[in-house]
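Trainee: I am new to this structure. Please show me how to read its features.
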Amino acid sequence: MMVLCFLSRTLQLARHSSSPLGRQLCSASANKPVLTLFTKFILQEVDITLPENSVWYDKYKYDIPVFHLNGKFLMKHRVDIQKFEDQLVKLELQNDGNQ
């Protein structure tokens with residue numbers, strides 16, 4: 001199982017923008033960016049402004065967005081698609097070797 005963590009302080013996630021909830025999120029957050037992610041991975045959103053996430057806020061307050069893959073730092077500031085794909089292939093190969 002893979003978990004993709006997206007650490008954000010101002011980003012709202014509309015998982016299904018065509019759903020009523022997605023439309024509400026989009027219209028309610030006119031001043032904030034909305035990220036729609038269609039994936040077959042497990043997505044874990046971490047709002048670093050919440051008190052229980054103060055450790056992540058201290059670590060990443062100037063580096064949003066930050067991506068972790070399976071709990072390990074992957075990238076920050078921008079998405080490097082090639083790096084992401086390479087890491088997924090590596091994980092797939094490791095999983096195949098462990099079976």
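Trainee: Which element supplies the largest share of the lining of the second largest pocket?

Mentor: Start with the general idea. Rolling a probe the size of a water molecule over the atoms shows where empty space is left. Now the case here, in a predicted model. The largest share comes from H3, with four residues. Helix H3 spans 81-97, and strand S6 (72-76) also supplies at least two lining residues.

Trainee: Which residues line the second largest pocket?

Mentor: The lining consists of Leu69, Asn70, Lys72, Phe73, Leu74, Gln87, Lys90, Leu91 and Gln94. By class, four are nonpolar, three polar and two charged. The volume of this pocket is about 190 Å³.

Trainee: Where is pLDDT under 50?

Mentor: First, the general point. Where pLDDT is low, the predicted coordinates should not be read in detail. Here pLDDT stays under 50 over residues 9-29. The model has 45 contacts beyond four places in sequence for that stretch. Among the elements, strand S2 (residues 12-13) has the lowest mean pLDDT, 42. Helix H2 (residues 54-60) has the highest, 96. For the protein chain, the mean is 76, and 66% of residues reach 70 or more.

Trainee: Is Asn53 buried or exposed?

Mentor: Compare the relative accessible area with the cut-off: buried means under 20%. Asn53 has 15%, so Asn53 is buried. Asn53 lies in the loop between strand S4 (42-47) and H2.

Trainee: Which residues does Asn53 touch?

Mentor: Leave out residues up to four places away in sequence. Asn53 then touches Val46, Asp47 and Ile48.

Definitions and conventions. Residues numbered from 1 in each chain as written. Predicted model: local features only at pLDDT ≥ 70, side-chain atom pairs only at ≥ 80, totals over all residues. Heavy atoms only, no water. pLDDT = per-residue confidence, 0-100. Contact = heavy atoms within 4.5 Å. 1 Å grid on protein atoms, 1.4 Å probe; cavity = no way out; pocket = protein on both sides within 12 Å on 5 of 7 lines; lining within 4 Å. Points joined across faces, edges and corners; volume = space filled by probe spheres on them. Nonpolar A, V, L, I, M, F, W, Y, C, P; charged D, E, K, R; others polar. Buried < 20%, exposed > 50% of the residue type's maximum accessible area, 1.4 Å probe, protein only.
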